[in-house]
Amino acid sequence: QVQLVESGGGLADPGGSLRLACAASETIRGVYIIGWYRQAPGQQRERITYMTDEGDPWYSPSVKGRFTISRDNAKNTLYLQMNALKPEDTAVYYCNVEGAFGSQEYDYYGQGTQVTVSS
């Protein structure tokens, strides 16, 4: 089972930036999408961005133009650059990978990292 470990969360001012990282314990195999969810207090978990195994990105309208997803395959690491942060971006951010390798389907989450946007 692939382990995902997020880092880089913390406190930022409105308008500020943070960069999250998600390190996978091994190379992800098969056909998959890898990306980020977030969950604010009292809210459902929301998918905000993902990247396909071919590198094509998708963004939720709530973050498009402000957040950028990228990856370093050599390091098995996914990144989320968050700019122009707003208080409503405050949430726990989770890395996720879901896909299939042969007949084996998988859906893994990291433990989450807290992002707080406040002055």
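Student: What should I know before we start?

Tutor: The model is predicted: local features need pLDDT of at least 70, side-chain atom pairs count only at pLDDT 80 or more, and totals for chains, interfaces and linings use all residues. Residues are numbered from 1 along each chain as its sequence is written, and side-chain values use heavy atoms, with hydrogens and water left out.

Student: Is β4 mostly covered or uncovered?

Tutor: Strand β4, residues 31-39, is mostly covered, with seven of its nine residues buried. Buried means under 20% relative accessible area, exposed over 50%, and partly exposed in between, with a 1.4 Å probe and protein chains only. Strands are DSSP runs of E with at least two residues, numbered from the N terminus.

Student: How many bridges join β4 to β9?

Tutor: Nine bridges join β4 to β9 (residues 91-101), and these strands run antiparallel. Two strands pair if DSSP finds at least two bridges between them. W36 has C95 in β9 as its bridge partner.

Student: And which residue of β5 stands opposite Y37?

Tutor: R47 in β5 stands opposite Y37. Six bridges link β4 with β5 (residues 46-52), again in an antiparallel arrangement. The two form a hairpin with six residues between them, and G42 in the turn has a positive phi of about 75°.

Student: Changing topic, why does G35 count as buried?

Tutor: G35, which lies in β4, counts as buried because its relative accessibility is 5%.

Student: Which residues is G35 in contact with, leaving aside neighbours within four places in sequence?

Tutor: G35 is in contact (heavy atoms within 4.5 Å) with T49, Y50, I69, L78, Y94, C95 and N96.

Terms used: Helix = DSSP H or I, 4+ residues; strand = E, 2+ residues; numbered from the N terminus.
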